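Me: I'm new to this one and would like to learn how to read it. Can we go through it feature by feature?

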Amino acid sequence: MLTVTRTPLRVSLFGGGTDYPEYFEREPGAVVGMAIDKYIIIAALGLVGCQDYNYRLSYSKLEHCQNVFEIEHPVVREVLRHFDLSHRLDVSVISDLPAAGSGLGSSSAFTVGFLRTVYALLGQKPTKIELSKKAIEVERDILCENVGVQDQLHAAFGGINRFDFSGSAIRISPLQMTSATLRQLNASMVLVHTGIARRATTTVAAQIAVTRTRAIDRELSELYRLVAECVSLLECGAPGWLTQLGEMLSASWKIKRTLSPDVSNAVLDDLFETIVASGAYGAKLCGAGGGGFFLALIDPERIPGLAERVAPLSVIPISVDVDGSTLIYCQSR
């Protein structure tokens, strides 16, 4: 049996930091963001009986293993153990963008995509919320990773959504945007690579520690407030909305820089200033901070000038993915 899944990466716009249980179990949390048209693709092929291994994994490493317990990739190993899957497998992973340290939710996108692959191998069809919650369970409860709960939702659902968190409850609210507003947004979004990769779970650890002490409640409350303002801008689409949204992105980045000393550094600060000086409406670093990609909103005619100013760093146009994690091929022998 061959299965192929495609799962989008994500860009979080506002509210990041309030999607950690350490915060929303005592205060309401919310985020607004989107899945983007950059993907992690996982192909899994059932092995026949003549190989001298039972598992072959091809990602940034190549693994050949006899049993599940030998697998080094933590998500693959623990998901196979969790489902007690007995299939002998050849698993290959490819990604549109560098997966490690991107700030684009790649770890959660992989978890969601691999879970969808395993569900397909088992002949099961989970709902999007079931897929999201299982990915959260794998990352937070089984692997004990320092992650929030928005990335799994963006990867599973696709589109542009507001997610609200309160206690154990999650509410999903797709944004009601006009096609003209969506086209303008898609034409104006770019990712600017910082050239720096970072491990999100370590960057987040310090922020979670201060979140528990309530030392950054005021800053997180302001990021929470920006969620509703963003939703209103995108749904109304009034003249000047893109300029306002860019200004909000820059403001949120300046707030986020205060949450932990690991969020930014001199190199990132200089790159932010260069992006804004190139005519961008605004920008913010994606994900937990420390590296990865900046999201910038900019007039499409100014993108070549931005690319010239930040060269040799990459400038990558992006748009919204509307499908979420998808099983794109499934064939039994």
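Me: In what sense do strand 9 and strand 10 pair, and over how many bridges?

Reply: First, keep in mind that this is a predicted model. In general, strands of a sheet pair through backbone hydrogen bonds, either parallel or antiparallel. Here, strand 9 and strand 10 (residues 293-297) go together in the antiparallel sense, with four bridges. To see one of the pairs, look for Leu285, whose bridge partner in strand 10 is Phe294.

Me: What is the strand order in the open sheet of four strands?

Reply: Read across, the order is 9-10-8-11, and the pairing is antiparallel. Strand 9 (282-285) and strand 11 (315-317) are the edge strands, each pairing on one side only. From one strand to the next, the twist averages 25°.

Me: Which strands does helix 6 lie across?

Reply: Helix 6 (residues 179-188) lies across strand 8 (189-193) and strand 10, and it runs at about 20° to strand 8. Helix 9 (residues 241-256) also packs on the sheet, where it touches strand 9 and strand 10. The direction of helix 9 makes about 35° with that of strand 9.

Me: How many residues lie between strand 6 and strand 7 in their hairpin?

Reply: There are two residues between them, and Gly167 in the turn has a positive phi of about 60°. Strand 6 (residues 160-166) and strand 7 (residues 169-174) run antiparallel, joined by six bridges. Along that pairing, Arg162 stands opposite Ser173 in strand 7.

Me: Now a single residue. Is Thr18 buried or exposed?

Reply: Thr18 counts as buried because its relative accessible area is 0%, and the cut-off for buried is under 20%. You'll find Thr18 in the loop between strand 1 (2-14) and helix 1 (21-24). Its side chain reaches two backbone oxygens: that of Gly15 at 2.8 Å and that of Ala30 at 2.9 Å. Leaving out residues up to four places away in sequence, Thr18 touches several others, including Tyr23, Phe165, Leu220 and Tyr224.

Me: And the cysteines: how many disulfides does the count come to?

Reply: The general idea is that a disulfide is a covalent bond between the sulfur atoms of two cysteines. In this model the count comes to zero. Take Cys236, which is in no disulfide: the nearest cysteine sulfur, that of Cys230, is 11 Å away.

Me: Why does Cys236 count as exposed?

Reply: Cys236 counts as exposed because its relative accessibility is 58%, and exposed means over 50%. Cys144 counts as exposed too, at 59% relative accessibility.

Terms used:
Residues numbered from 1 in each chain as written. Predicted model: local features only at pLDDT ≥ 70, side-chain atom pairs only at ≥ 80, totals over all residues. Heavy atoms only, no water. Disulfide = S-S within 2.5 Å. Buried < 20%, exposed > 50% of the residue type's maximum accessible area, 1.4 Å probe, protein only. Polar contact = N/O pair within 3.5 Å; in protein donor to acceptor, adjacent residues only side chain to side chain. Contact = heavy atoms within 4.5 Å. Pairing = 2+ DSSP bridges. Axes fitted to C-alpha atoms, helices over the stretch in contact; angles between N-to-C directions.
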